[in-house]
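Hi,

Here is the structure I promised to pass on. Have a look first, and my notes on its side-chain contacts follow below.

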Amino acid sequence: MDKEASAIVLLVTEMNPQSELFMQYVRDKLGCEVATVAPRETVGSDDDIHRVVLLDADHVNEKDMYHWEELAAADNAGLTLAAFNLVDENQALSLATTFRLQGVFYRRDSLALICKGIAKLISEELWMSRTLMTRLIRFYRRQQVNAYRPANGLTQRELEILKLLGTGASNTDIANQLFVSEHTVKSHLYNIFRKLKVRNRIQAMNWVRQNLGSAPAPLPRQARQHSDA
């Protein structure tokens, strides 16, 4: 069985006549299954099926993108994430430095070019321009340099909380992990938001991605269940 036949393309968007036409075009050109899913939908894992997920930037917000990244990070998920319908390379750079994207598609891309890119993703190759890759390399080089500098006056405890926040941990999770009270966690978060000049957890998580690199592994399932008890 070839890779296209054993792959599914999932378009995360709102269903409309335009998306239906796009899906039919991809089916005809690549011979693979294509379906739409809601931004907060959960998909099962299957070792034999490779799912290429196209996140429509017009209909998927950052919170929902974190949802899909968490799904992709699960064991045996078989998910490849790509951003779809992007305005320009600046938007692509912002998303690619925040999420683990393996491909980007722009509004200006032709259907034929999009199908070519999807085929590359099905083959587990990257689909990004050389200029975008160059900018990503420069970004990560700066990030390595910044890793050795003080981070916005944050204390070591605040950095620990930030890193846990980047895993999607709740205040209860963080409190249990660090053996402090939830009230203490809330006080630290208030100071963190003030120092980083952000207003909420999503913005703080973006700061973690941009400045501290990849977030550490999520808390073990048993630990989370215990903390929620």
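A residue is called buried under 20% relative accessible area, exposed over 50%, and partly exposed in between, with a 1.4 Å probe and protein chains only. Please keep in mind that this is a predicted model, where local features need pLDDT of at least 70 and side-chain atom pairs count only at pLDDT 80 or more, while totals for chains, interfaces and linings use all residues. Numbering starts from 1 along each chain as its sequence is written, and side-chain values use heavy atoms, with hydrogens and water left out.

Let me begin with the salt bridges (a side-chain nitrogen of Lys or Arg within 4 Å of a carboxyl oxygen of Asp or Glu). The whole structure has 7 of them. One joins Glu89 and Arg135, with 3.0 Å between the closest N and O atoms. This pair links distant parts of the chain, as Glu89 is in helix 3 and Arg135 in helix 5 (residues 130–146), 46 residues apart. Helices (H or I, at least four residues) and strands (E, at least two) are DSSP runs, numbered from the N terminus. Glu89 is buried because its relative accessible area is 19%, whereas Arg135 is partly exposed at 26%.

Lys195 and Glu158 form another salt bridge, their closest N and O atoms being 2.9 Å apart. Lys195 belongs to helix 8 (residues 182–196) and Glu158 to helix 6 (residues 156–165), so this contact ties together parts 37 residues apart in sequence. Glu158 is buried, with a relative accessible area of 4%, and Lys195 is partly exposed at 23%.

Asp58 and Arg107 also form a salt bridge, at 2.6 Å between the closest N and O atoms. Asp58 is partly exposed at 41% relative accessibility, and so is Arg107 at 47%.

Now for the rings. The structure holds 4 aromatic pairs, meaning rings of Phe, Tyr and Trp (its six-membered ring) with centres within 6.5 Å; planes under 30 degrees apart count as stacked, over 60 as edge-to-face and the rest as tilted. Among them is the tilted pair of Phe22 and Phe84, 5.2 Å centre to centre with 40° between the planes. Phe22 sits in helix 1 (residues 17–30) and Phe84 in strand 4 (residues 79–86), 62 residues apart. Both Phe22 and Phe84 are buried. Tyr66 and Phe99 pair edge-to-face, at 4.8 Å centre to centre and 65° between the planes. Tyr66 and Phe99 are both buried too. Phe22, Phe84 and Phe105 make up one aromatic cluster.

Best wishes
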